[in-house]
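Dear colleague,

I am passing on the structure we spoke about, with the sequence alongside. My notes on it follow below.

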Amino acid sequence: MAKGRYIVIEGQDGTGKSTQVELLAAYLRDQGQDVVTLREPGGGLPATEIMRDLLKNKDYNLDPVTITLIFTANRRELWVKTIEPALKRGKTVISDRNWWSTLAYEHYGFGVPAEVVRSIHEQSLPQRYLEPDIGFIFSLDDAERQRRLRSRNDDHIKDTFESQQSSFQTRVNNGYLEIARAHNINLIDASGMIDEIQWKIRKCLS
């Protein structure tokens with residue numbers, strides 16, 4: 001059976017991930033590829049969207065290990081019901097985030113031990129999920145990232161992660177840089193023009 005390609009685009013909110021996911025999907029479809037896009041947490045399944053709402057609602061004030069467990073449950077559902085079946089059919093799957101987010105936010109941000117994050121994911125998900133065919137991490141200066149977030153919607157209510165202090169956001173950003181180095185992930189400067197960033201992504205895929 002044909003094996004598809006699993007692509008992940010990572011980074012903090014406001015770095016332009018979602019825009020680049022859609023642009024890349026459109027480009028690959030024009031090349032004749034059958035493409036599935038999804039986001040984490042969530043991913044479009046009824047149960048995973050409930051998990052997304054639970055994770056994003058800062059009023060619940062969930063413990064960081066609890067957050068890690070719910071994220072992993074979300075990913076397990078997406079792998080079994082969406083990602084793996086698509087890959088087995090030879091499709092290209094482009095995901096807005098994967099488990100690297102939990103390393104960045106729950107480990108570097110909240111302080112959950114890295115071995116706890118890895119163990120939970122390794123026991124729940126296969127190597128194909130943990131090591132995508134190709135990955136990208138977007139990095140952006142926090143002041144510019146916050147400016148972009150504010151420009152989206154003045155009425156936007158900050159979620160569990162956006163509402164954290166600037167020191168948390170700095171730890172997450174630095175964490176992503178470490179993750180990129182440790183896992184040999186393509187690091188993208190997200191301060192560039194949209195077309196320029198998309199060109200960099202396509203060049204890595206060729």
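**What was found**

Contacts between residues 24 or more positions apart make up 80% of those in the protein chain with a separation of 6 or more. Please keep in mind that this is a predicted model.

Overall build. The protein chain has nine helices and five strands. Their order along the sequence is β-α-β-α-α-β-α-α-α-β-α-α-β-α. Along the principal axes, the C-alpha atoms occupy a box of roughly 45 × 40 × 35 Å. The radius of gyration is 16 Å, which agrees with a compact globule, because a globule of 206 residues would come out near 17 Å.

Surface and charge. Of the 206 residues, 47% count as buried. The protein chain exposes about 10300 Å², and 49% of that area is supplied by carbon and sulfur atoms. There are 28 positive and 29 negative charges, and their mean positions lie 3 Å apart.

In soluble globular proteins, nonpolar side chains tend to be buried together. Here the largest nonpolar core holds 33 residues, and I83, V93, Y129 and I179 touch the most other members. Two or more residues each come from β1 (5–11), β2 (35–39), α2 (46–56), α3 (64–88), α4 (100–109), α6 (127–130) and α8 (166–182). The element that gives the most is α3, with eight residues.

Which residues is I83 in contact with, leaving aside its neighbours within four places in sequence? They are Y6, L38, L78, V93 and Y129. Two of these contacts, V93 and Y129, are also listed with I83 among the residues that touch the most other core members.

K91. This lysine sits in the loop between α3 and β3 (92–96). Is K91 buried or exposed? K91 has 19% relative accessibility and the cut-off for buried is under 20%, so K91 counts as buried.

Best regards

Key. Residues numbered from 1 in each chain as written. Predicted model: local features only at pLDDT ≥ 70, side-chain atom pairs only at ≥ 80, totals over all residues. Heavy atoms only, no water. Helix = DSSP H or I, 4+ residues; strand = E, 2+ residues; numbered from the N terminus. Rg over C-alpha atoms; globule rule 2.2 N^0.38 Å. Buried < 20%, exposed > 50% of the residue type's maximum accessible area, 1.4 Å probe, protein only. Contact = heavy atoms within 4.5 Å. Areas by Shrake-Rupley, 256 points an atom, 1.4 Å probe, with all protein chains shown as cover. Lys, Arg positive; Asp, Glu negative; His and termini not counted. Charge placed at Lys NZ, Arg CZ, Asp CG, Glu CD. Core = buried A, V, L, I, M, F, W, Y, C linked by side-chain atoms within 4.5 Å.
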